[in-house]
Amino acid sequence: MTPKAKRSTSATGHATLSIHPLTPERWNDLLKLFGPRGACGGCWCMHWRLTRREYEAGKGAAHRDALRSLVESRSLPPGLLAYRDGQAVGWCSIGPRADFSTLARSRILKPVDDLPVWSLVCLFVEKTQRQNGVSRALIDGAAKFAADHGAAILEAYPVEPKKDTMPDVFAFTGIASTFRRAGFQEVARRSETRPVMRKAL
């Protein structure tokens, strides 16, 4: 089941955002958004799906092709795109927690309990669109997408900055305050700056 696009008003109230699952028809929109660096350092949002050795060996084209294979071979899209004025301006990676093997190996982000959860593991917003409501729209869209596919709990792993600002490259899992405003609650914290947060759907 593919949910209908979700529309939301941006934080500035100027233009609306629409949220769409990443389907094969939208692949070129993701390519344009991510650019030749694959969003960040050749990642192509494969960090959470691979072992460290696999990840380091595949940066760049191999990761791009792996993500495209996920898009084309699976009925469940691996994430969502945010559009403004017909252009993709943001992305989030979401799916059942079991899709992201790195979480199971993480001491800080290991499972809190045995409840089946979905995970929102990554957010990427086009540079000129940051601080403009895109992350929040993606988070809200991700909650709807997960609920539409039978999830009861959505989990996220944002950063809690020690200072008011931090480099964008270190905030690829989102900022904790944005998730709180979206109705998420902290359920565990094994690191000073990395809460585990959940929203009941």
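This is a predicted model: local features need pLDDT of at least 70, side-chain atom pairs count only at pLDDT 80 or more; totals for chains, interfaces and linings use all residues.
**Helix 5**

Let's start with helix 5, which covers residues 134-148. Its 15 residues reach 21 Å from the first C-alpha to the last, close to the 21 Å expected at 1.5 Å a residue. If you look along this helix for buried positions, you will find V134, A137, L138, I139, D140, G141, A142, A143, F145 and A146. After helix 5 comes G150, and its phi is positive, near 95°.

**Salt bridges**

Side chains of opposite charge can pair when their charged atoms come close. Across the whole structure, a search finds 14 salt bridges. Here are three of them, with their N to O distances.

| E56 | K59 | 3.5 Å |

For E186 and R189, both partners are partly exposed: E186 has a relative accessible area of 37%, and R189 has 33%. Elsewhere, salt bridges that share partners join R97, D113, E155 and R198 into one network.

E56 is partly exposed at 47% relative accessible area, and K59 is partly exposed at 41%.

Where do R68 and E72 lie? Both belong to helix 3 (residues 61-73), four residues apart, about one turn of the helix. An α-helix has 3.6 residues a turn, so residues three or four places apart point the same way. R68 itself is partly exposed, with a relative accessible area of 37%.

Note on methods. Residues are numbered from 1 along each chain as its sequence is written. Side-chain values use heavy atoms; hydrogens and water are left out. Helices (H or I, at least four residues) and strands (E, at least two) are DSSP runs, numbered from the N terminus. The expected span of a helix is 1.5 Å times one less than its number of residues. Buried means under 20% relative accessible area, exposed over 50%, partly exposed in between (1.4 Å probe, protein chains only). A salt bridge is a side-chain nitrogen of Lys or Arg within 4 Å of a carboxyl oxygen of Asp or Glu.
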